[in-house]
Amino acid sequence: MNLNEIVDTGNIRPSKQTNSVRSSITSSLELIGHGAFANVYKGKSPGTVIKVMETNNASDPYIKFINIAHHNQHNLFFPRIYSAKIVEQQIPTTSYNSESVFVFIVQMEKLVPLTHSRLKEVTPYLMSQIGIRDHSDGAGLSLDFALDRLFSSRALRREMEKSATNNDFKQALRALDGLFNSSHVDVKTANIMVRLTSKGPQLVLTDPVAPSYFIEM
Ligand SMILES: Nc1ncnc2c1ncn2[C@@H]1O[C@H](COP(=O)(O)OP(=O)(O)OP(=O)(O)O)[C@@H](O)[C@H]1O
Ligand SMILES: [Mg+2]
């Protein structure tokens, strides 16, 4: 399987494959992180990771998010996407029936968790990039609470957009508006990562919406 297939224009379309896609892709890769819905592996090129997620929905909100990120690569709040593809697999449910499972593979830039101990001191500065100035402890519960409250409310997102001084953040909120309105918003410290640059640390929204499995459960 070619993981270097660069997403060009338009949407990412599923290609069909019958044998075990996930294990054939990931058996040679080194696992570096996992969440509720995805595994993250060390990428083949330095500074890259490969995220592999399974979903029963080819229009999964996370796939839509990666499409939006791909169309907004100039915006620093989106992760750099190097390639992405969806592979459809039929999983037998009974001897007569099967269901489609979609394995979504995205190769993206390697980022640093916002919760990394070395970033504790710069967290207030990073939060000020998105207009949050009054959380108490840097990266604890109160910050997650503030993020969830702000991003989950359409009205508060509009307020953030109006008052944002960072133009990239304003534009990111606009680009994500439709997706936020139609999915389960999942902005929390674990879903925001940091790009270390020569100009200083930069916040990146890595998975601000929950995959659809989450909603169906
Ligand atoms: N671009 C990246 N660079 C480095 N590590 C990453 C990257 N993306 C994700 N990770 C790490 O991989 C782990 C799982 O990632 P991720 O949050 O994407 O999974 P998830 O299934 O979406 O989890 P959740 O549903 O809890 O958000 C996390 O520990 C995260 O820090
Ligand atoms: Mg996550």
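Helices α2 and α6 of this predicted model are roughly antiparallel to each other, because their axes cross at roughly 165° and angles over 145 degrees count as roughly antiparallel. Helices are DSSP runs of H or I with at least four residues, and strands are E runs of at least two, numbered from the N terminus. Axes are lines fitted to C-alpha atoms, for helices over the stretch in contact, with angles from 0 to 180 degrees between N-to-C directions.

Helix α5 is likewise roughly antiparallel to α6. The two pairs are set out below.

| Pair | Angle | Axis distance |
|---|---|---|
| α2 (residues 61–71) and α6 | roughly 165° | within 11 Å |
| α5 (residues 154–163) and α6 (residues 167–182) | about 165° | 10 Å |

The crossing of α2 and α6 is right-handed, whereas α5 passes α6 in a left-handed crossing. A crossing is left-handed if the near helix is turned anticlockwise from the far one by less than a right angle, and right-handed if clockwise.

Contacts are pairs of residues whose C-beta atoms, placed from the backbone, lie within 7 Å. Pro61, Lys64, Phe65 and Ile68 of α2 meet Ala175, Leu176 and Leu179 of α6. This α2 contact comprises 6 nonpolar, no polar and 1 charged residue. Nonpolar here denotes Ala, Val, Leu, Ile, Met, Phe, Trp, Tyr, Cys and Pro, charged denotes Asp, Glu, Lys and Arg, and the others, Gly among them, are polar.

From α5, Arg154, Arg157, Met160 and Glu161 meet Lys170, Leu173, Arg174, Phe180 and Asn181 of α6. The contact of α5 with α6 has 3 nonpolar, 1 polar and 5 charged residues.

Ligand 1 is surrounded by 19 residues, each with its backbone-placed C-beta atom within 6 Å of the ligand. The closest are Gly33, Gly35, Ala36, Ala38 and Val40. Strands β2 (31–34), β3 (38–42) and β4 (48–55) each supply at least two shell residues. By class, the shell has 11 nonpolar, 5 polar and 3 charged residues.

Residues are numbered from 1 along each chain as its sequence is written, and chains are lettered from A and ligands numbered from 1 in the order written. In this predicted model, local features need pLDDT of at least 70 and side-chain atom pairs count only at pLDDT 80 or more, while totals for chains, interfaces and linings use all residues.

Notes. Parallel < 35°, antiparallel > 145°, perpendicular 65-115°, else oblique. Contact = placed C-beta atoms within 7 Å.
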